[in-house]
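This briefing walks through a protein structure, moving from its domains to its helices and its sheet. Please keep the picture in view while reading.

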Amino acid sequence: MVAADTTPIRDRIRRAEAFLDQVGEVAPPLLDDDAALRGEARRLRSLVEMVAGRPYGRLPHVAYRGRLETRLMGPWSQYLTLGIGLSRVVRMTSWETSRPAIPTVLAHELSHRFGFDESLTTLRGLEVSARLAEQGDSMHQVSARLELARLLLGAAMGDALRAGAGEEIDAFFEAHADRPAMARPCQQWRRVKGRRLPDWSLTVYAEIPCASIEAARAGELQRSSLAAARAADVLGWRPETGLSDGLRVTYESVRLGRANPAARAPGARDVRVAAGA
Ligand SMILES: [Zn+2]
């Protein structure tokens, strides 16, 4: 039997460690009580709206769980709703070790207002948090990095289970056992290790969002918008292909180009299709 290639696992662990090192011993301000949580939720609302592209409306009721409930629920936070305004509730874990990650977790839970796709919601929460981190917010600078480290570790755990090669992950948790922020991923690893396949929570909360972020290459255009009328005015551009024909040609081009790059539509010949796309 050929030994599994553990390079991608090691690579993700190394990047997770780099995020943890950046956080280091920094003690960010924490959202210590329900009033702080609610203040933060009010601040996050406009960013969640911007990222989702829809008005938020009324915020849900946000609070930490009581001690007994936390013992039962563990390190998990939840967005609960019956689908109508007043039933929307966010219950945050009160695990002390989760506290530095809470700002990004809160952005995640608030983003559930727009859907229950966990992978998409994880990306939205991270986007909200990363924007604040970029603006110099010290709480989100820590929590966004902890969340990125968690994604990378979760994706590495998925790889490790599939490859039947958990040693790298074991070694990582042994080396970082003293880091409070690692309590949650470590608990998750203890739960899944020994399995032959990743469990759904690793896949939706870590592997899919991690792969979507990694798929973006350096220099990649993140957003684009254009006005056809301006292109006509300034460049004399006129559309030659209708939308449905264009979509069909694009699809065919990608499909044929997989086997034979020369068969792609003109203009797409130099495009490399990402692995897994
Ligand atoms: Zn969620």
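A crossing of two helices is called right-handed if the near helix is turned clockwise from the far one by less than a right angle, and left-handed if it is turned anticlockwise. In this model, which is predicted, α5 passes α9 in a right-handed crossing.

**The helix crossing**
- Helix α5 covers residues 118–134 and helix α9 covers residues 200–215, and their axes come within 8 Å of each other while crossing at roughly 60°.
- On the α5 side the contact is made by Glu-118, Ser-119, Thr-122 and Leu-123, while α9 contributes Val-204, Tyr-205, Ile-208, Pro-209 and Ser-212.

- Three strands form an open sheet in the order β1-β3-β2, and their pairing is mixed.
- Because β1 (61–64) and β2 (78–80) stand at the edges with a single partner strand each, one side of each is left without a neighbour in the sheet.
- From one strand to the next, the twist averages 20°.
- Strand β3 (residues 89–92) runs antiparallel to β2, and 3 bridges join the two.
- Within this part of the sheet, Leu-80 stands opposite Val-89 in β3.

**Helices on the sheet**
- Helix α2 (residues 34–52) packs on the sheet and touches β1 and β3, with its direction making about 140° with that of β1.
- Helix α4 (residues 102–111) also packs on the sheet, where it touches β2 and β3, and its direction makes about 155° with that of β3.

**The domains**
- The domain assignment of the protein gives domain 1 as 7–215 and domain 2 as 228–263.
- The centres of domain 1 and domain 2, taken over C-alpha atoms, are separated by 39 Å.

Notes
Residues numbered from 1 in each chain as written. Predicted model: local features only at pLDDT ≥ 70, side-chain atom pairs only at ≥ 80, totals over all residues. Domains from an automatic or database assignment. Axes fitted to C-alpha atoms, helices over the stretch in contact; angles between N-to-C directions. Helix = DSSP H or I, 4+ residues; strand = E, 2+ residues; numbered from the N terminus. Contact = placed C-beta atoms within 7 Å. Pairing = 2+ DSSP bridges.
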